[in-house]
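Please walk me through this structure. Begin where the two chains meet, then go inside one of them.

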Number of protein chains: 2
Amino acid sequence: MAQKPSIPKGTRDFSPSEIAKRNYIFDSIKKNFQTYGFQPIETPSFENSETLLGKYGEEGDRLIFKILNSGDFISKVDDVTYSSKNSATIAPRITEKALRYDLTVPFARYVVMHQNELDFPFKRYQIQPVWRADRPQKGRFREFFQCDADVVGSDSLLQEVELIQLYDAVFADLKLDGVTIKMNNRKILAGIAEVIGAKHLLIDFTVALDKLDKIGEEGVKKEMLSKGISKEAIDKASPLFEPQGSNVNQLERLETLLESSEEGKKGLEELRYILETISSIGLQTAKLTIDVTLARGLNYYTGAIFEVAAPDGVKMGSIGGGGRYDDLTGIFGLKDVSGVGISFGLDRIYLVLEELNLFPKSVDRTLDVLCLNFGAKEALASLKLITVLRKNGVFADVYPSNAKIQKQFKYANNRKVPYVILLGAEELNSNSFIVKHMESGEQTTYSFSELDKFISTL
Amino acid sequence: MAQKPSIPKGTRDFSPSEIAKRNYIFDSIKKNFQTYGFQPIETPSFENSETLLGKYGEEGDRLIFKILNSGDFISKVDDVTYSSKNSATIAPRITEKALRYDLTVPFARYVVMHQNELDFPFKRYQIQPVWRADRPQKGRFREFFQCDADVVGSDSLLQEVELIQLYDAVFADLKLDGVTIKMNNRKILAGIAEVIGAKHLLIDFTVALDKLDKIGEEGVKKEMLSKGISKEAIDKASPLFEPQGSNVNQLERLETLLESSEEGKKGLEELRYILETISSIGLQTAKLTIDVTLARGLNYYTGAIFEVAAPDGVKMGSIGGGGRYDDLTGIFGLKDVSGVGISFGLDRIYLVLEELNLFPKSVDRTLDVLCLNFGAKEALASLKLITVLRKNGVFADVYPSNAKIQKQFKYANNRKVPYVILLGAEELNSNSFIVKHMESGEQTTYSFSELDKFISTL
């Protein structure tokens, strides 16, 4: 009995049309990564478990897919562990490898392993799938691509400036006008926590603040109180909850608020430099704004924090994010290497382009010309024609059997072929072929020697 | 204590230069897949175990990487099975998913699941990694890419003709002249087995014959004898061991040998049609030859069988292979769909191009222009320049700090940058910049307004 096939939940098949649209986005990102001097690397789909485990917190460890050891894996488990029947203690005895969870930890591992071959600052990009055993839900998958660009080995703020330009360049190429690049700085968040007297509660403070979009001012304040941040401290932080206004207004307000915090002032200085440099160079279509409530995995970032929001009116979470992190490679023994990077959210960008109808009309063309098949001799002549078309880069095909012409035309329609070539007995006799433009219905006859002429119309 | 990082055996990190060379091959294959009317699909990295298991024989099943179930996986194992401590029976209880082993079975699964959305004949290509728990050795990896093109839903021999042209087109594009496309037909092998009276031993006969290259005539005959094929039968098959000669000679010899086998004659007719059609159209650089000892996974193929050998003088196994198989989708419930396909061996093609020095010289360029950094003001002016360069598709960068100029030049040399821009205080004052051509040492001064002039020299 044949099985009825299915695919694992949270995974996807991609059709030719979906692949074409995804490649349109990938190509645009890649092209800009390259013009900005980033170099591609790729790492294995699975890493040794110890490379990944413990790097993403407890929850992350649970979401990592582990690969069962080959062969008689049970024999490697000692009796005591085996009889415990405890999945958590048995798992590490029967798995040695795990699917990568993101591209950042493998990148850190790469930099450390290859440090002697690399020229620092090393600007790398990486576009590969990652896997997470997350509960699948709308827009969340167990296999998805990440597109990351990172620089390691330079603490120059020029990198932050370039990464903002890079976001702008990619979204301008994709004709996705009006995205907002939100920017913050970990040092500013730390400064605020310091001046309101909640320095020891920095994480709780920012985790709560980060939820402003979702739970509103009252919700954030309630959470802060519940975490032990005093009402007095929260009142001092009130400028955060006011309408944020222009970048200039915000810089002024932060200057007042952070007057007594060295760290806060350092963050403010960085923010100001980036803003001023970007404003001196200009952006194509993106908007750069300060958002002091922006935190993203704060533990991770140490300087600038970025997040990109889709154009106004499109309901979508962030379509990109990143920031500066110090000492990423420290976990693998290479100290004091500063890094900064951004990533693009492919699946969400895809949905936004789809919603705004921004994919080019011809993005999923798969066939330019189809020769109909009128029999063996005619098909051979057709095959000779399309061999030349193909050599000229035309996507061309000959229908493989002399099926009823209606059936062949139906196939041409389904494949959305713009041109159909008719080369029947009569044409073969006169060394000619007829080109039918499918949209207009117009027919043109060419002699075999005029093939170039037809190619030039494509 | 930081870990000393490593990667799992049989896997690889790819450096920017390696990625560039791999992409050069991928791009050439993709371009030709597309001009031949093939459409891309992608399938998930892991499939439900039942989709894969039992499709590749016992040995294949052992080589499939299985993914451990998440959560308390042990609780799903019944006590009897658990106390057996038998890895083979426990594995299916604690794993539900497995990494794909090839692209063919997932493709069959795809066709069956999506049959109502597809237009047949469906020509698909797929370029994705696969995983095998093979013992790693030189040139054999646990993760590697497959590049497959298959047509399903057409039994026309035009497909075989096109696939041969496709091989030729790709290798001509890669400037890999002189590959040999070897062709055989399962029906010819069956016919030979029939006429020598070993029809019931067809598999043993062809498995032995397939080893001719490796173990020589005597070895093959010995193996045949040991499998129960009579000496008399082997003697009758002696034409197989003679020097094969030209295609025409071989067709003649086979005609005589297969006179009494209907199946054999059918295979011969197919072979002849393909040869004649190809010879009428011509190939660019590849050679097409009959090889009656060619079998490849015979159980699988039902008609044409292909294998591509690297140019004479290059020691390398086959760099491509394929053939026609009937009823591939039958395992998933869709009967009577004929398919034919070929694949390209990326890793081996890479090694051959490397050995013959056939990668274009500029294939791994990662940076066209580097602006040196003489300080904050100069760097800002440089950044403005390279923003324009980048918009024009130039791979450009500014060194991120005003490190010693020697260090910056060293970086430029390591990255093999052809042009370095010098924009110091003096140049800034006169709105100009100096371009140094690194190979010749020649320096040219341009004013800011002459940037286009510089771009046009690139």
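**Where chains A and B meet**

Across the interface of chain B and chain A, 42 residue pairs are in polar contact, both residues at pLDDT 80 or more. A polar contact is a pair of N or O atoms within 3.5 Å; within protein, one must be able to donate a hydrogen and the other to accept it, and residues adjacent in sequence count only if both atoms are side-chain atoms. Helix H15 (residues 376-391) of chain B gives the largest share of the side that touches chain A, 8 residues. Helices (H or I, at least four residues) and strands (E, at least two) are DSSP runs, numbered from the N terminus.

This is a predicted model: local features need pLDDT of at least 70, side-chain atom pairs count only at pLDDT 80 or more, and totals for chains, interfaces and linings use all residues. Residues are numbered from 1 along each chain as its sequence is written, chains are lettered from A and ligands numbered from 1 in the order written, and side-chain values use heavy atoms, without hydrogens and water.

The interface also holds 8 salt bridges. Each is a side-chain nitrogen of Lys or Arg within 4 Å of a carboxyl oxygen of Asp or Glu. One of them joins A:Arg390 and B:Glu162, at 3.0 Å from N to O.

**Inside chain B**

Now turn to B:Val308. This residue lies in strand E9 (residues 304-309) of chain B.
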